[in-house]
Amino acid sequence: MILVNTDYITGKDLEMLGLVKGSTIQCKHIGKDIGAGFKNLIGGEMTAYTEMMDASRKIATDRMIAEAESMGADAVVNVRFATSAIVQGAAEVIAYGTAVKFV
């Protein structure tokens, strides 16, 4: 599956199939959350949250790809990511784009 953040793929004519998306809500357990709170006091990267967000983006992307494949898509164009805080220590990640077929 080809994923691009442009509205075209060089050298390809595209037929739009529709919007596809994938999302997940992830959180860290209380021990990691407390550790991140201490890191917030002294500064530096909150690696537990970085890892959580990396994993979340992968899950959301995989779900978006699965939806595109179920539509018979060859690629997804205009891929975007959005995040939002749900509660303290939990975040939603959504990946979305336009599923296309090569003509």
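Which residues are buried in H2? In this predicted model, the buried residues of H2 are Ala48, Tyr49, Met52, Met53, Ser56, Ala60, Thr61, Met64, Ile65 and Ala68. Helix H2 itself runs over residues 47–70, and its 24 residues reach 35 Å from the first C-alpha to the last, which is close to the 34 Å expected at 1.5 Å a residue. Just after H2, Gly72 takes a positive phi of about 85 degrees.

The strands may be described next. Strand S3, formed by residues 75–87, pairs in the antiparallel sense with strand S4, formed by residues 90–102, and ten bridges join the two. Within this pairing, Ser84 has Glu92 of S4 as its bridge partner. The hairpin of S3 and S4 has two residues between the strands, and in this hairpin Gly89 adopts a positive phi near 90 degrees. Strand S1, at residues 2–3, pairs with S3 in the parallel sense over two bridges, and Ile2 stands opposite Ala75 in S3.

The surroundings of Val20 can be listed in detail: when its neighbours within four places in sequence are left aside, Val20 is in contact with Met64, Glu67, Ala68, Met71, Val76, Ala95, Tyr96, Gly97 and Ala99.

Conventions: Residues are numbered from 1 along each chain as its sequence is written. This is a predicted model: local features need pLDDT of at least 70, side-chain atom pairs count only at pLDDT 80 or more; totals for chains, interfaces and linings use all residues. Side-chain values use heavy atoms; hydrogens and water are left out. Two strands pair if DSSP finds at least two bridges between them. Helices (H or I, at least four residues) and strands (E, at least two) are DSSP runs, numbered from the N terminus. The expected span of a helix is 1.5 Å times one less than its number of residues. Buried means under 20% relative accessible area, exposed over 50%, partly exposed in between (1.4 Å probe, protein chains only). Contact means heavy atoms within 4.5 Å.
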